[in-house]
Amino acid sequence: MRYQISGKQIDIGEALQTHVQQELSEMLGKYAGRPTDATVVFSKSGHENVCEATVHLSTGLTAQAKAHENEIYAAFDSCSEKMDKQLRRYKRRLKDHHKERSQPVELSQASSYILAGTAETEESEPESLQPMIVAEMETNIPSLSVGEAVMQMELATAPVLVFRNEGNQGINVVYRRDDGNIGWIDPSSRQ
């Protein structure tokens, strides 16, 4: 497993890096047999220390957690507890998917764009129907089952997830609805 432990504009010592590696290895050993890599970033926000952790699992799932504390070790411990709770909550489903999936999740490359919002009033009409692109990035689209996609969306606490459906190879979307339920868009089911 690869660890990337860094600090944003703060110096983190060898002891903290060793502590993070040991704690993450122990926690992930309980729940996820084959994690691929972990990224932990420490930063300052005012007087508080912030710890953000992301762990990628061989099943294609990504667990993320973030915590703020006055002490840097306490920030990591709180972040680790949040991630432990997420993985414990999905342990049964993670184990089931581990048994079914012997190969890592296939990822497809795609472009991702950030478009500028409009500050137009209702009376004025836009000059052009072409949106202004603010940023252009590369992203990955995982090939997952619908259940895995819902679990990935919940683990990442994301409002929406675009994925390639393993059943029909079509591009699908799962999203959190305003009523709290999960919506699923499957364009290939309509022929």
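Trainee: Do strand S6 (residues 133–144) and strand S7 (residues 160–165) run parallel or antiparallel?
Mentor: This is a predicted model, in which local features need pLDDT of at least 70, side-chain atom pairs count only at pLDDT 80 or more, and totals for chains, interfaces and linings use all residues. Residues are numbered from 1 along each chain as its sequence is written, and side-chain values use heavy atoms, with hydrogens and water left out. Strands (E, at least two residues) and helices (H or I, at least four) are DSSP runs numbered from the N terminus, and two strands pair if DSSP finds at least two bridges between them. Two bridges join S6 to S7, and the two strands run parallel.

Trainee: Which residue in S7 stands opposite Leu144?
Mentor: Strands of a sheet pair through backbone hydrogen bonds, either parallel or antiparallel. Opposite Leu144, S7 places Asn165.

Trainee: Which strands stand at the edges of the sheet?
Mentor: The sheet is open, has five strands in the order S5-S6-S7-S8-S9, and shows mixed pairing. Two of its strands have a single partner strand each, so one side of each is left without a neighbour in the sheet. These edge strands are S5 (107–115) and S9 (182–185).

Trainee: By how many degrees are neighbouring strands of this sheet turned against each other on average?
Mentor: Axes are lines fitted to C-alpha atoms, for helices over the stretch in contact, and angles run from 0 to 180 degrees between N-to-C directions. With direction ignored, the average for neighbouring strands of this sheet is 30 degrees.

Trainee: Which helix packs on the sheet?
Mentor: The helix covers residues 146–155 and touches S6, S7, strand S8 (171–176) and S9, where contact means heavy atoms within 4.5 Å. Its direction makes about 155 degrees with that of S7. The helix is H4.

Trainee: How many of the ten residues of H4 are buried?
Mentor: Buried means under 20% relative accessible area, exposed over 50%, and partly exposed in between (1.4 Å probe, protein chains only). The buried residues of H4 are Glu148, Ala149, Val150, Met151, Gln152, Met153 and Leu155. The helix is thus mostly covered, and the count is seven.

Trainee: Does Ser78 count as buried or exposed?
Mentor: Ser78 lies in helix H2. Leaving aside its neighbours within four places in sequence, Ser78 is in contact with Ala67 and Glu69. Because its relative accessibility is 18%, Ser78 counts as buried.

Trainee: How many residues apart in sequence are the parts tied together by Glu154 and Arg176?
Mentor: The side chains of Glu154 and Arg176 meet in a salt bridge (3.6 Å, N to O). Glu154 is partly exposed at 23% relative accessibility, and Arg176 is partly exposed at 39%. Glu154 lies in helix H4 and Arg176 in strand S8, so the separation in residues is 22.

Trainee: What is the N to O distance in the salt bridge of Arg177 and Asp179?
Mentor: Arg177 is partly exposed, with a relative accessible area of 39%, and Asp179 is partly exposed, with 46%. Their side chains meet at an N to O distance of 3.0 Å.

Methods. Salt bridge = Lys/Arg side-chain N within 4 Å of Asp/Glu carboxyl O.
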